[in-house]
Amino acid sequence: MVYSVDRMEGERAVLVDETGSELVLLREKLAGAAVGDCGRLKEGVFVKDPQLTRLRRQKMRALRERLLSGKKKENKG
């Protein structure tokens with residue numbers, strides 16, 4: 001299951017999976033990950049996936065730019 005780091009709440013980190021379900025971990029279990037990072041849990045520790053994080057950030061940036069510009073996504077096919 002893929003999670004993203006949604007937010008920090010004191011000594012805890014809130015992760016969100018693809019279905020929107022939340023999982024709370026101690027910050028020490030993030031292994032240096034930050035808000036917005038994507039990854040998976042391995043033995044109770046969040047392991048960041050830099051490639052997935054980069055791809056999701058690019059996708060969100062493109063969506064934000066499209067929404068702010070008022071343009072609709074072109075339907076290919």
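Colleague: How much accessible surface does the protein chain have, and what share belongs to carbon and sulfur atoms?

Modeller: The accessible surface is about 6000 Å², with 49% on carbon and sulfur atoms; such areas come from the Shrake-Rupley method with a 1.4 Å probe, and for residues only the protein chains shown count as cover. This is a predicted model, in which local features need pLDDT of at least 70 and side-chain atom pairs pLDDT 80 or more, while totals for chains, interfaces and linings use all residues. Residues are numbered from 1 along each chain as its sequence is written, and side-chain values use heavy atoms, leaving out hydrogens and water.

Colleague: In what order do the strands of the sheet stand?

Modeller: Strands of a sheet pair through backbone hydrogen bonds, either parallel or antiparallel. Here 5 strands form an open, antiparallel sheet in the order β3-β2-β1-β4-β5. Strands are DSSP runs of E, at least two residues, numbered from the N terminus; two of them pair if DSSP finds at least two bridges between them. β3 (22–26) and β5 (45–48) are at the edges with a single partner strand each, so one side of each lacks a neighbour in the sheet.

Colleague: How many bridges join β2 and β3?

Modeller: The antiparallel pairing of β2 and β3 runs over 5 bridges. A13 stands opposite L25 in β3.

Colleague: Which residues make up the largest nonpolar core?

Modeller: In soluble globular proteins, nonpolar side chains tend to be buried together. A nonpolar core is a set of buried Ala, Val, Leu, Ile, Met, Phe, Trp, Tyr and Cys residues joined through side-chain atoms within 4.5 Å, where buried means under 20% relative accessible area with a 1.4 Å probe, protein chains only. The largest one has 8 residues: Y3, V5, A13, L15, L25, L30, A33 and F46. β1 (3–9) and β2 (12–17) are the elements that give two or more residues to this core.

Note on methods: Buried means under 20% relative accessible area, exposed over 50%, partly exposed in between (1.4 Å probe, protein chains only). Helices (H or I, at least four residues) and strands (E, at least two) are DSSP runs, numbered from the N terminus.
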